[in-house]
Amino acid sequence: MSQTVIAIDGPAASGKGTVSKAISEKLQFNYLDTGKLYRAIGAQYLEGRPPIDAAQSLNISDLNKYDLQKPEIAQAASEIALIPEVRAALLEFQRNFSKKMPGAVLDGRDIGTIVCPNAKIKIFLTASLKARAKRRYVELYKHDGKISFETILEQIKERDKRDQTRSSSPMVAASDAKIFDTSALSIKEAVDKVFDYIQTKI
Ligand code: CDP
C-alpha cells in the first residue's frame with residue numbers, strides 16, 4: 001500500500017492548524033502539529049533548560065506537560081526555532097512521524113522544503129497580516145481579556161520576520177506547493193478548498 005505525506009506550511013494564524021487537523025480527520029491520516037515541538041522546547045527553555053539539550057531529548061509526552069498555547073511560550077518557540085542544532089535534532093522525529101501508515105499530515109513552516117521535500121502533496125496557507133492578527137486576537141482574548149489587538153499584530157509581524165529571515169530553514173513556500181490565501185475564507189471554506197485540491201492529487 002502506498003503511503004501519502006501531506007505537508008501544510010504557512011505563517012502564524014494562517015489557519016494551517018485547523019485545516020490540517022480537519023484534513024487528517026477526513027482522510028483518517030495521522031496528524032502532527034510541528035509547532036508544538038518548538039513550543040515544548042520553548043517552554044523548557046523558559047524553565048532554564050538549554051534548548052539544544054531539550055530538543056535532543058524531546059519525548060512525545062513533553063507535548064502534554066505544558067499549556068503550549070500561552071503567548072510567552074509562542075514567543076520563546078519562535079526564538080529557539082532560530083537555532084540550527086534545535087532544528088536538526090527535531091528532523092528525525094518529524095521524518096519518522098511522516099512515515100506512519102496509511103498517511104500523515106504535518107503542519108509547520110519548513111515541512112515541504114526541508115522535513116519532507118518528497119511529500120506527495122504540498123500546501124502553503126497564507127492570509128493577510130490583519131486577518132491573521134484578528135484571528136489570534138479572538139483566540140487569545142478568551143484567555144486574557146486585557147490583551148490588545150495592536151500588541152498581537154506587532155508580535156505576529158515580529159515572528160513572521162524571524163521565520164522568513166532565519167538562515168536555517170526559513171519559512172518559504174516550496175516551489176511545488178499550492179498556495180491558498182485564507183484571508184476572506186471561513187474555516188469551512190478553507191477546509192473545503194484544500195480538501196478539493198488534495199482529492200485531485202491523491
Ligand atoms: O501558529 P503559530 O505561529 O502561532 O505557532 P506554531 O505553528 O505553534 O509555531 C510556533 C513557532 O515555532 C513559530 O513561531 C515558528 O517560529 C516555529 N516553527 C518552526 O520554526 N518550524 C516549524 N516547522 C513549526 C514551528
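A cavity is a set of grid points where a 1.4 Å probe fits but cannot get out. By this criterion, a search of the whole structure, which is a predicted model, finds one cavity of 30 Å³ or more.

Figure 1. The space in the largest cavity amounts to about 120 Å³. Helices H4, H7 and H8 each supply at least two residues of its lining, and H8 gives the most, with four residues.

**Figure 2. The largest pocket, which holds the ligand.** About 940 Å³ of space lies in the largest pocket. The pocket is lined by 39 residues, of which Ala-13, Lys-16, Gly-17, Asp-33 and Arg-136 are the closest to its centre. At least two lining residues come from each of helix H1 (16–27), strand E2 (30–33), H2, H4, strand E3 (103–108), helix H7 (129–141), H8 and helix H9 (187–201). H1 makes the greatest contribution to the lining of this pocket, with five residues. The lining of the largest pocket comprises 13 nonpolar, eleven polar and 15 charged residues.

**Figure 3. Polar contacts between arginine side chains and the ligand.** In the side chain of Arg-136, an N or O atom is 2.5 Å from an oxygen atom of the ligand. For Arg-159, a polar side-chain atom lies 2.6 Å from a ligand oxygen atom. Arg-87 likewise places a polar side-chain atom 2.8 Å from an oxygen atom of the ligand. The ligand taken alone exposes 520 Å², and the protein buries 96% of that area.

**Figure 4. The shell of residues around the ligand.** The ligand sits in the largest pocket. Two or more residues of the shell are given by each of helix H2 (35–46), helix H4 (71–80) and helix H8 (149–165). The largest share, three residues, comes from H2. In total, 18 residues surround the ligand, and the closest are Arg-39, Arg-109, Arg-136, Arg-159 and Asp-163. The shell contains five nonpolar, four polar and nine charged residues.

**Figure 5. The cis peptide bond between Met-101 and Pro-102.** Most peptide bonds are trans. Pro-102 is found in the loop between helix H5 (84–98) and strand E3. Strand E3 also supplies at least two residues of the lining of the largest pocket.

**Figure 6. The backbone at Gln-28.** Gln-28 has a positive phi of about 60 degrees, although it is not a glycine. Most residues other than glycine have a negative phi. Gln-28 is placed in the loop between H1 and E2. Both of these flanking elements, H1 and E2, supply at least two residues each of the lining of the largest pocket.

Key:
Residues numbered from 1 in each chain as written. Predicted model: local features only at pLDDT ≥ 70, side-chain atom pairs only at ≥ 80, totals over all residues. Heavy atoms only, no water. Near = heavy atom within 4 Å. Polar contact = N/O pair within 3.5 Å; in protein donor to acceptor, adjacent residues only side chain to side chain. Areas by Shrake-Rupley, 256 points an atom, 1.4 Å probe, with all protein chains shown as cover. 1 Å grid on protein atoms, 1.4 Å probe; cavity = no way out; pocket = protein on both sides within 12 Å on 5 of 7 lines; lining within 4 Å. Sits in = over half its atoms within 2 Å of the grid points. Nonpolar A, V, L, I, M, F, W, Y, C, P; charged D, E, K, R; others polar. Points joined across faces, edges and corners; volume = space filled by probe spheres on them.
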